[in-house]
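Here is a short tour of a sheet with its helices, and of a helix pair. Please keep the viewer open as you read.

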Amino acid sequence: MNKEHKAMTQYFRSAIAGALHLGIDFKNESFHILDPSILVDGQISTETSAKIFAEASKKNKGQKSQEKLNVVISAKTVKTNYKDFVKTQDEVDELTGVYFIPAILYKSGKLAFDDENNKLPWFPREYLQPMVEPKLSIGYVDEVDQFISSHVDQKEQIKTWSDYAAYLRDFYESVTKVGFEDNALPNMEDGDSPVELEQKVYLVLDPTVNTTRQIMDLYNELLQNKDPKPLYEQFMSIEPASLRPLVPNSVDNMRLHHGQMGGEYPLSPSQREAIHHMNLLQEGEILAVNGPPGTGKTTLLQSVVADMYVKRALATEKAPLIVATSTNNQAVTNIIASFGNIPKVGISNLEERWIEGVHSFATYFPSSTKVKEARDQGYQFTNSRGHHFVSDIEAQNNLENSVTKMLQSCNQYFGTHYTSLSDCQAKLHEELKFFDNRRNSLLNLYVEAGQFDLQGRAVDAYLAYLEKEIEQLTASIQAIGMRLEEWRECFRRIPFVLRWFSKRVRTEVRLWMNEDELDFLNENMKYKDIKEAYSLRYQDVNRKLADLKKLKDQVEQWITKYDNELAVLQQHGVILHDELAATYEMTSDRMNEILDRKIRYMEFWLAVHYYECRWASGEDALTAKQTGTTHKNVLEKFYSRLAMITPCLVMTFFVLPGQFAAYGEQKKSHLFNFIDLLIVDEAGQVSPEIAAGAFSLAKKAIVVGDVHQIEPVWSLNRALDKALAWSHGAIGSLDEYERLEQSGLTSFDSSVMKVATKSCNYEKYEQRGLFLSEHRRCYDEIIEYCNKLVYKGKLEPKRGKGSEKTGRALAHWPQMGHHQIGSTKSSKQGSSRYNRPEAARIVEWLIENFDQIQAAYPSEKENNLVGIITPFKAQVSCIRAEMRRRAPELLFKVSVGTVHTFQGAERNLIILSTVYGSGDGCYFMDANKSLMNVAVSRAKDHFFAFGDLGCLSTSVSTASGLLRKNVVGNVI
């Protein structure tokens, strides 16, 4: 790791640590005021303890009663002083905590050190030097690190609250240089004005979740490990990757695409372009793919997985280790759901799993807090120790049943009588190679067809054209002979004596010539001259006729070879007729459609069963002693075995590092450069410092996202992030921070998608990264709003206009409309807003119309029909309260939430509750176009805005103004 990468690693590690050690916002947390003596005694009153447990029970409704709680104590809080009714320290918020102590609280009121989660006291990073734009300075980061490092023994020996109290006291005094009992702190920004502290402490339920511990461990090892990590280094490089020309849809690149997970539809042109670029990706490279909503990101990812899977199977290598990840649980569970729901097209028993206990092509690695949810949802889930799904399928009984099912399924499909798995494996690989050869043969025929002058015609139509041309040329040859006989007769009729008079001869010749002969005969020709001219013409036509006959033979041979290919494929269960092959159309789109839907799809399923057979044969099986351990050699076998039966492993960035951490000889080490392909989904929502470390574990990556979707939640502000980058050498001076921002390598106001585009070697539409352009989710009237709002017309609507669709559901409603609910002002609840009359009218409208909506979509699940999106959580609660009061059954049928809760979802009808009154303006919609882009693009068939039209802007350059233009006049 060079100096630049090391500095960036230290910076990102510090950003993670800084996010963990931020202050607690008491304005948004319910707190309890306590006497400072609890820090010495480790005991609060049973009455206060009961209140805290009651609060926790109310907050965690539905969970069983807890015996202990995680709490945080603000041991030192800045006192807010006033002079003449004005705060004397205006730059410091009220109730600003500067020293926080995590603890365990028991029902008895007893406090204890949280040794299980290894939580230590902390100072908010924003108040420690070095910093930019300081508000309050109480110590130095180096002194915090130095104390923690030099007091490891003291921390390990903490057994009682007294031990913990001594530790937290020493920590505070070492950093601040003042006594723990002192009620003031020297402000390093103003030595003459000490900071006065409260004489009481505050206790809150612990709002922090140390989800980044595994990421921190990975960064710690990255700083020590000196082995090359090309992908990580590419990600962390400030310099953009060198640009290359886009990869064309050539036959050579078509040949590199082997497998396809779905057989219903072919890839779109932009999806195929991404596959071609993916196939040329080298180790250490990142492919960025911008994927707006409804453009088939999931299909693309499935294709990438299937293609790698087939290639490895053809080469009889280990199955590829592919990890799909994102920052939020919704994104990864969307991947899980899609990989478990591949539509079948009806090919015998090939499209079934031939082993027991496996129903998806993805395995989920949830955090400990998500295990119950994973179980309830029926996901295949495990961890690196092989618990749950893996232990179930590796059970002896399941293995024996899988061997039996494998043999039965194989014999059923091939009509064989195999009794050993080795025979099945050989047969499956033989069939896989057969189909891959057929794929190449069809591509060879496509190349041969390209040598014909088809001019857009199908090959059989071209043959018919040649036959007609040959018929016409044959007729032309016959006509030449007949015409020469007529010319002979013409000259014979001229009296011999007159033949010496050229004028008379010219007159006869002129009279005998027809218009077709004007271009090669003239009146001065004698019969021998005319005969010579016609002989040349005969020679030319005869040559053309011979060439056409030869070409016709070649075309007929081509058709014979093509028919033979179809016949052979039909013998192997693939029928290419009617919609795919009857016309012998040989465009690249048609050939790719045949290959995608038939050949590549067959290859994928054969690869599935090939690897199932290897798995059932016990390849890389763990011994009883190895099971449940995570030594390096064990993890390698564990993942090799799991990849055979589920080629995609799915987990969040927070979980990922721990699943690839090996333990041995009292040392933890990560499996660097181990994952064959890292897939990052919804990358526009991932902050770079969260994801960067994971790239060190992989060889190459495809990053898919949309910079116009919801942004990440950044834990640090710009000033603090700038300070961290400078203090760790990521930038040489504060002025260089802008260069870091341009590369995307900041912990504030950036995303993994932004970094990936910097790291990608390709650009399209003058922007780094590829672009998925074909949109199929929404009717054109709906997606056109998004196209104008953020995509600059680059989306290609493919579904068509709803207004032109005959027989569509709810045809009397427009695709985008408005329901006027007059109001002047919305109500405020804290920092949120609500509009009760608007909520009531929305529920009333649903009561009036839901049965009609449900009847219009008889095959759809009722909870997929309607979604209500609103800017404010308070309005979500308000709408749900109205439902609970007037139509409680709607709570289970209609989703209600903010834009963030609908990320990645879709509904037939979306209702936007605008909330604002006509006198409020519309700040939410116009402050961030991404929010309205997400809201509108959730709607497949209809998007209706409910609220006062007066709150929407009149300027079409704003999100609300453009919405107004699209809905005005379309009254619902």
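The report below starts with the basis of the model and then turns to the sheet and the helices.

## Basis

This is a predicted model, in which local features need pLDDT of at least 70 and side-chain atom pairs count only at pLDDT 80 or more, while totals for chains, interfaces and linings use all residues. Residues are numbered from 1 along each chain as its sequence is written, and side-chain values use heavy atoms, leaving out hydrogens and water.

## The parallel sheet

An open sheet is built from 5 strands in the order β25-β31-β30-β28-β29, with parallel pairing. Its edge strands, β25 (816-820) and β29 (894-897), each pair on one side only. From one strand to the next, the twist averages 20°.

Strands here are DSSP E runs of at least two residues, and helices are H or I runs of at least four, numbered from the N terminus. Two strands pair if DSSP finds at least two bridges between them; β28 (residues 866-869) and β29 have 4 bridges, in the parallel sense. Ile869 stands opposite Gly897 in β29.

## Helices on the sheet

Helix α31 (residues 929-937) packs on the sheet and touches β25, β28, β30 (907-913) and β31 (939-947), where contact means heavy atoms within 4.5 Å. The direction of α31 makes about 120° with that of β31; angles run from 0 to 180 degrees between N-to-C directions, with axes fitted to C-alpha atoms, for helices over the stretch in contact.

Helix α32 (residues 959-967) lies across β25, β30 and β31, at about 95° to β25.
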